[in-house]
Amino acid sequence: MTVLLRKARFSVLTAPLAFCISLSVLAQALNAQTVKVHVSSKAGDRLTSKADLQFTAIKPTGGATFQINDDVKYQKMDGFGASIMEAGMITLNTLPRDKQEQVLSALFDPHAGAGFSAMKTPIAGTDFQSAGPWYSYDDTPGDVEMNNFSVDRDFGPNGVGTYILRARKYGNFALQSPMDYPPDWMLYDVNKHQDIDPKYYPALAKYFVRYLEEYKKRGITIDYLSLFNEPEKVYTKIKYPEIRVLLRDFVGPAVVQSGLSTNMMLSEAPERGDAYKRYPVVLDDPAARKFVSVVAYHGYDQKNFDKIAELKAKYPDLPFWMDEYCYAYEAGFPRSRKLPIYEFDDGDYWGNTIFSDLEAGTSAWLYWNAILDETGGPWAVSPVHGNPDPNIQHPLVIINRATHEVGYTGAYYYLAHFSKFVRPGAVRVQTTGKSNGVRVMAFQTPEGGFVSQLLNSLTSDAEVNLVSRGRTLRLTLPPGSITTAAW
């Protein structure tokens, strides 16, 4: 009895001590959590894996401090990527086959490359659908039943459908499809009055549905149909009150009746400010808005991020996508600067732009041309459709068609840090803190982990303390760099 009592007394007395030791071990495990770090920098790092780091219980000392608060959540991410064009496929096809596959892997493989997860594929003719003359899928005047509808060109050697199928061997991505123009015969007059005659609204709805159906037959699901690319101001001169009618009464019901899984975007304004001004006329009509799943816009004004934030606050239930932007002389890029740009330093501009759009609430960020050649082409030429000659632009990947050299631009690397590590389903969480030339953003992954993107736009190292759940991660950001920390 005495022995048993002593044993019991010992167990009772030592239990609190054992509990404290367990808590201590748990705290040490949490503080020692491994952080994977990847860096791209002016000094030469390119998505380079660095030595693992660890959070500690040490309070921040020196440098800037950024606090992650995952109790405050913002938008869910849909993806990052660029656009699939005939120009890219033409250029890619000039390489030996093994090099072609290396480029596709660099763009679409989530492990070996950037893992692009959201892509744009235009509906027929646009400025870099350059494998042949301007085209639509039905150029037969008056063919309202779409008897001569064909997407065959898209599945030829240089077609966007072929491009998509080859890219899908490396990774999956959402597809979004806008249209510059309907078939010319649906317009009042392609030369003088480029609005759509309302008598062709039913035919245009059939045109859209046939496009979706023909692609599906060939193994490609279009996730989002966007009625018009840069309407009213740039391409088809249809105004937003008319877009509302077309979406509400014709295209929306036709897509629903088709039974296809494709969702709708209302159209894509060329600038953030233009979206802010024009979208409410559609979105404030409940009968039209019910067909809209995503609000897409372009970034060619290079400002007005606050306008997107206001628009997002007005329509909080709708995801927003910045789904087109690039350098182009025709879009106002200074002609005194040579395109395309090979220097890595240029990536800092794109990193800051992505940050600003995400802070405004956008859920996806897409560049324009993924691949072009050393001339910034090849571009399509059709002045009546707004496609001049020349039309030099800047891509993510530059392929020299003569030498077969492949150049990955600064824009590619900064975008790749997001696409590779911030996968669809991640949620942006609150990050507070401020330091000139340094920006920090964080996301919680669907699995419960975290990813932080850290920009250093300075010409010197930046010391940063990243604080999460009471623990501190100390990082040194190289000058002119983007750093991804994941744990």
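## Tyr412 and the nonpolar cores

Tyr412 touches Ala106, Leu107, Gly113, Ala114, Phe116, Leu396 and Val397, leaving out residues up to four places away in sequence; a contact means heavy atoms within 4.5 Å. The largest nonpolar core has 122 residues, and Tyr412 is one of those that touch the most other members, together with Leu107, Phe116, Tyr137, Tyr207 and Tyr279. Helix 5 (residues 201-217) gives this core its largest share, ten residues. Apart from this core lies another, of 21 residues, including Leu466, Leu473, Leu477 and Ala485.

A nonpolar core here is a set of buried Ala, Val, Leu, Ile, Met, Phe, Trp, Tyr and Cys residues joined through side-chain atoms within 4.5 Å. Buried means under 20% relative accessible area, exposed means over 50%, and partly exposed is in between (1.4 Å probe, protein chains only). In soluble globular proteins, nonpolar side chains tend to be buried together.

## The model and its confidence

This is a predicted model, in which local features need pLDDT of at least 70 and side-chain atom pairs count only at pLDDT 80 or more, while totals for chains, interfaces and linings use all residues. Residues are numbered from 1 along each chain as its sequence is written, and side-chain values use heavy atoms, with hydrogens and water left out.

The protein chain averages a pLDDT of 94, and 93% of the residues score at least 70; pLDDT is the predictor's confidence in each residue, from 0 to 100. Over residues 1-31 pLDDT stays under 50, and the model has six contacts for them beyond four places in sequence. Where pLDDT is low, the predicted coordinates should not be read in detail.

Helices (H or I, at least four residues) and strands (E, at least two) are DSSP runs, numbered from the N terminus. Helix 12 (residues 410-421) has twelve residues and reaches 17 Å from its first C-alpha to its last, close to the 16 Å expected at 1.5 Å a residue. The expected span is 1.5 Å times one less than the number of residues. Twelve of the twelve residues of helix 12 are buried, so this helix is largely enclosed by the rest of the structure.

His417 lies in helix 12 and counts as buried, at 0% relative accessibility. Leaving aside neighbours within four places in sequence, His417 is in contact with His38, Val39, Ser40, Leu47, Val422, Gln453, Ile482 and Thr484. His38, in turn, is placed in strand 1 (residues 34-41) and is buried, with a relative accessible area of 16%. Beyond four places in sequence, the contacts of His38 include Leu47, Thr48, Ser49, His417 and Phe421.

Seven of the eight residues of helix 4 are buried, so helix 4 is largely enclosed by the rest of the structure. Those buried residues are Val160, Gly161, Thr162, Tyr163, Ile164, Arg166 and Ala167. They pack against helix 2 (86-92), helix 3 (97-108), strand 6 (174-177), helix 5 and strand 14 (371-373).

Phe155 is in the loop between strand 5 (118-120) and helix 4 (160-167). Phe155 is partly exposed, with a relative accessible area of 22%. Leaving aside neighbours within four places in sequence, Phe155 is in contact with Gly161, Thr162, Leu165, Tyr215, Arg218 and Ile220. The C-alpha atoms of Phe155 and Leu165 are separated by 9.3 Å, the two residues being ten apart along the chain.

Helix 6 (residues 240-258) has a kink of about 45 degrees, centred on Leu247. The bend at a residue is the angle between axes fitted to the seven residues ending there and the seven starting there. Leu247 is among the buried residues of helix 6, which also include Tyr240, Ile243 and Val255. Just after helix 6, Gly259 takes a positive phi of about 80 degrees.

Glu268 is found in strand 10 (residues 263-269) and counts as buried, at 0% relative accessibility. The side chain of Glu268 makes a polar contact with the side chain of Lys120 (2.7 Å). A polar contact is a pair of N or O atoms within 3.5 Å; within protein, one must be able to donate a hydrogen and the other to accept it, and residues adjacent in sequence count only if both atoms are side-chain atoms.

## Backbone exceptions

Most residues other than glycine have a negative phi, and most peptide bonds are trans. Glu230, although not a glycine, has a positive phi of about 50 degrees. A cis peptide bond joins Gly377 and Pro378, with omega about 5 degrees, and the bond from Asp389 to Pro390 is cis, with omega near 0 degrees.
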